[in-house]
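This report describes how two protein chains meet and how one of them is built. Please keep the sequence and the structure in view while reading.

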Amino acid sequence: MSRHVIAKAGELQPGEHKVVEVKGREIGLFNIGGEYFAISNRCPHEGGPLCSGMITGIVLSDGPGKYRIERKGEFVRCPWHGWEFDIRTGQSWCDPKSTKVRAFQVKVEPGEELVKGPYVAETFSVAVEEDYLIIEL
Amino acid sequence: MNIPVREVRATQKLSFVDGDIHPAFRQISDLYPFLPARWREHMQTYGEHWRQGLSGQLSYPRMMASGMRADAFPEDGPPGSDLKLMQTQHLDANDVEIGNLVALSRGGMEERNLDFAAALSKAVNDWQIETWVKPEPRLRAGIVVPQEDAAFAAAEIERRASDPRFVQVIFAPRTSDPLGHRRYWPIYEAAERHNLPIGLHSGAFSGGYASTSSGWPTYYMQEHYGFFTTMQTVMTSLIFEGVFDRFPKLKIVLIEGGFTWAPALGWRMDKHWERMRSEIPLKRKPSEYMRDNFWYTTQPIEEPFKPEHLGEVIGWLGWDRLIFSSDYPHWDFDHPRYIFKFHVTPEQRAMVLRENAKAVYGYK
């Protein structure tokens with residue numbers, strides 16, 4: 001396991017996401033309301049490119065004809081079969097008992113801590129005066 | 001635990017035959033170079049008159065991006081219209097050895113004007129060769145015919161049969177009469193004579209009928225399930241009308257209509273036929289025609305709660321009956337690496353992914 005700098009903290013605004021590559025793995029990085037989350041870009045159902053799917057909420061129903069959408073922007077829907085995953089936890093909404101996409105904890109660290117190491121910066125150098133997003137893999 | 005995509009690609013390539021790939025037009029004018037001026041003008045002046053009404057569209061919307069894989073849209077045109085994207089996203093990425101094209105729209109299957117339908121059929125067949133098979137020889141075409149004009153359909157089969165780039169005959173399973181009817185027999189006669197399977201693809205068009213046998217459904221999910229019941233009526237019509245007594249070597253491939261229903265239908269047909277055979281004096285038990293004359297593509301394959309149950313059903317049906325299909329670029333795409341979520345032998349896997357298709361289609 002090593003810690004990886006994957007983005008600058010200011011790079012993703014709330015509601016935005018991007019796919020980064022860490023150790024050959026594609027990982028989707030999301031900013032939901034100022035909090036950062038990361039999940040694998042590989043759908044655990046059949047391997048689809050999960051994070052290129054629609055970012056959405058979840059439709060809940062209390063009975064026929066009663067619908068509501070909750071947690072807008074907190075689910076990703078795989079572009080292949082439409083399986084929905086909770087971006088916060090990686091949990092599947094279709095099959096919550098046995099399917100989960102791998103989720104990674106994202107930490108925000110100031111550049112002045114990072115330059116002390118040991119970290120692996122994937123694509124850019126770290127400046128002391130900025131904050132960075134870190135995952136461990 | 002997720003496995004990095006790159007490692008899988010590098011170490012576990014699965015060469016396979018894909019029984020269901022859908023090519024699309026970027027726009028309808030893609031067909032014009034293949035239509036005589038008379039019919040090009042007809043199309044521009046009067047348009048198409050589909051059997052269902054509502055020409056040029058599905059009778060209901062579909063989920064996801066119009067029923068498409070959301071990552072399969074090229075920069076220009078609809079999914080399935082860009083060969084390069086099909087190659088990078090499917091043929092190359094998944095290591096397709098041979099792929100059967102199933103051209104669903106505008107081949108005259110749904111056109112009411114039969115002279116126009118004949119021109120559309122010829123045009124779509126030429127378009128498949130020029131636009132798809134010539135530049136990408138892994139792809140194979142299907143002879144798309146307007147089944148409501150069986151004489152023309154048989155002539156079109158005759159015209160294309162010596163070209164090995166065409167591997168089957170394609171028409172809509174929801175015909176004006178149930179398709180065992182004798183008005184369609186010239187098509188079966190031509191197909192059998194040239195040893196060309198008939199590929200019947202469910203869905204796509206309604207043929208003017210409600211999409212479920214009990215009427216128009218409220219939800220897309222009901223319509224999707226209706227593909228299965230359509231295929232059951234297709235099978236019972238072909239068997240009980242005596243098509244296989246007349247054309248015993250005729251091969252029928254049911255595309256995207258499921259297969260798990262088939263063993264139970266066979267049991268049921270046999271039971272009733274034993275008691276009522278005086279009404280229909282078939283030469284053999286209904287399930288024997290099912291066992292010898294029908295094949296099934298796999299997608300969308302069932303994913304039962306206990307995955308091994310699917311293996312039991314396939315055992316009842318026969319492992320030699322299944323042909324893998326992806327349905328690229330549609331949203332309910334199946335991936336060859338994930339269709340079996342239970343233990344299968346290497347022989348069983350090879351049959352479904354390659355060998356059965358090669359035996360049925362006899363690719364050259």
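## The interface between the chains

In this predicted model, 21 residues of chain A are in contact with 19 residues of chain B. Three residues, Arg42(A), Glu46(A) and Trp80(A), provide 42% of the area that chain A buries against chain B, more than any other three residues. The size of an interface is often expressed as the accessible area lost when the parts come together. Between chain A and chain B about 1700 Å² is buried, and 48% of it lies on carbon and sulfur atoms.

How many salt bridges are counted between chain A and chain B? The count is one salt bridge. It joins the side chains of Lys341(B) and Glu46(A), with a distance of 3.4 Å from N to O. Glu46(A) is also one of the three residues named above for their share of the buried area. Seven residue pairs are in polar contact between chain A and chain B, counting pairs with both residues at pLDDT 80 or more. On the side of chain A that touches chain B there are eight nonpolar, seven polar and six charged residues.

## The sheet of chain B

Strands of a sheet pair through backbone hydrogen bonds, in either a parallel or an antiparallel manner. In chain B, eight strands form an open sheet with parallel pairing, in the order β1-β2-β3-β4-β5-β6-β7-β8. Strands β1 (16–21) and β8 (322–323) of chain B each have a single partner strand, so one side of each is left without a neighbour in the sheet.

Within this sheet, strand β5 (residues 198–201) of chain B runs parallel to strand β6 (residues 252–255) of chain B, and four bridges join them. Leu200(B) stands opposite Leu254(B) in β6(B).

## Helices of chain B

| Helix of chain B | Strands of chain B involved | Angle |
|---|---|---|
| α4 (residues 83–91) | lies across β1, β2 (96–101) and β3 (139–144) | about 135° to β1(B) |
| α7 (residues 185–193) | touches β4 (166–171) and β5 | about 170° with β4(B) |

Two further helices pack against each other: the axes of α10 (residues 262–276) and α11 (residues 286–293) of chain B are 7 Å apart, at an angle of about 145°. Among the residues that make this contact are Leu265(B), Met269(B) and Trp273(B) of α10(B), and Pro286(B) and Met290(B) of α11(B). The residues of the contact comprise six nonpolar, two polar and one charged.

Note on methods
Residues numbered from 1 in each chain as written. Chains lettered and ligands numbered in written order. Predicted model: local features only at pLDDT ≥ 70, side-chain atom pairs only at ≥ 80, totals over all residues. Heavy atoms only, no water. Contact = heavy atoms within 4.5 Å. Buried area = accessible area lost by both parts, 1.4 Å probe. Salt bridge = Lys/Arg side-chain N within 4 Å of Asp/Glu carboxyl O. Polar contact = N/O pair within 3.5 Å; in protein donor to acceptor, adjacent residues only side chain to side chain. Nonpolar A, V, L, I, M, F, W, Y, C, P; charged D, E, K, R; others polar. Pairing = 2+ DSSP bridges. Helix = DSSP H or I, 4+ residues; strand = E, 2+ residues; numbered from the N terminus. Axes fitted to C-alpha atoms, helices over the stretch in contact; angles between N-to-C directions.
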